[in-house]
Amino acid sequence: MILCIEVPPVIKSNWFLPEISRVLKPGGVMIGIWWNKFSIRGLIAHYTAKYRKEFDYYEKSYFGYRKKLKNSGFDIVHEIGYCWFPFARNSNN
């Protein structure tokens, strides 16, 4: 299993998918977080990042990344959206 949680420079890098493809055995699992540019929160954060002088976590869409995963031979076992606007990323659950 490979975990890539809260590490945007790694999961968005060009080397990540080929490397996990090399390292994972058949049946292996990658769990990761993707910041979706086309979510409501993502659109707002993406277009305001340069004005806030902050890192643009939402620079790419999940749809594009999902397509790259599939094209790299990965099967999507489960996907879920969290942090839906207008709710914060943290919760008291």
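Trainee: Where does Val 29 lie?

Mentor: Begin with how the elements are assigned: helices (H or I, at least four residues) and strands (E, at least two) are DSSP runs, numbered from the N terminus. Read in that way, Val 29 lies in the loop between H2 and strand S2 (30-32). Keep in mind that this is a predicted model, in which local features need pLDDT of at least 70 and side-chain atom pairs count only at pLDDT 80 or more, while totals for chains, interfaces and linings use all residues. Residues are numbered from 1 along each chain as its sequence is written, and side-chain values use heavy atoms, with hydrogens and water left out.

Trainee: Does Val 29 count as buried, exposed or partly exposed?

Mentor: The classes rest on relative accessible area, where buried means under 20%, exposed over 50%, and partly exposed in between, with a 1.4 Å probe and protein chains only. Val 29 counts as partly exposed because its relative accessibility is 41%.

Trainee: In what order do the elements run from the N terminus on?

Mentor: The protein chain has 4 helices and 2 strands, and their order is β-α-α-β-α-α. Of its 93 residues, 26% are buried.

Trainee: Which residues in the largest nonpolar core touch the most other members?

Mentor: In soluble globular proteins, nonpolar side chains tend to be buried together. A nonpolar core is defined here as a set of buried Ala, Val, Leu, Ile, Met, Phe, Trp, Tyr and Cys residues joined through side-chain atoms within 4.5 Å. The largest such core has 14 residues, and those that touch the most other members are Ile 11, Phe 16, Leu 17, Ile 20, Tyr 65 and Phe 74. Two or more residues come from each of strand S1 (2-4), H2 and helix H4 (62-71), with H2 giving the most, 3 residues.

Trainee: Which residues of H2 are buried?

Mentor: They are Phe 16, Leu 17 and Ile 20. Looking down the axis of H2, these buried residues fall within an arc of 95° (taken from the directions from the helix axis to the C-beta atoms), so they line one face of the helix. The face turned away from that buried side carries the exposed residues Pro 18 and Arg 22. For packing, contact means heavy atoms within 4.5 Å, and the buried residues of H2 pack against S1, H1, S2 and H4. Ile 20, for example, touches Ile 2, Met 30 and Phe 74, leaving aside residues up to four places away in sequence.

Trainee: What does Lys 12 touch?

Mentor: Lys 12 lies in the loop between helix H1 (8-11) and helix H2 (16-23), and is classed as buried because its relative accessible area is 9%. Beyond residues up to four places away in sequence, Lys 12 touches Trp 34, Trp 35, Asp 56, Tyr 57, Tyr 58, Glu 59 and Lys 60.

Trainee: How many salt bridges does the structure hold?

Mentor: A salt bridge is a side-chain nitrogen of Lys or Arg within 4 Å of a carboxyl oxygen of Asp or Glu, and the structure holds 3 of them. One joins the side chains of Glu 19 and Arg 22, at 2.6 Å from N to O; both residues lie in helix H2, 3 residues apart, which is about one turn of the helix. Another pairs Glu 54 with Arg 52, with their closest N and O atoms 2.5 Å apart. In the bridge between Glu 79 and Arg 66, the closest N and O atoms are 3.1 Å apart. That pair links distant parts of the chain, with Glu 79 in the segment after H4 and Arg 66 in helix H4, 13 residues apart.

Trainee: What is the phi of Lys 53?

Mentor: Phi of Lys 53 is near 55°, a positive value in a residue other than glycine. Lys 53 is found in the loop between H3 and H4, and counts as exposed because its relative accessibility is 75%.
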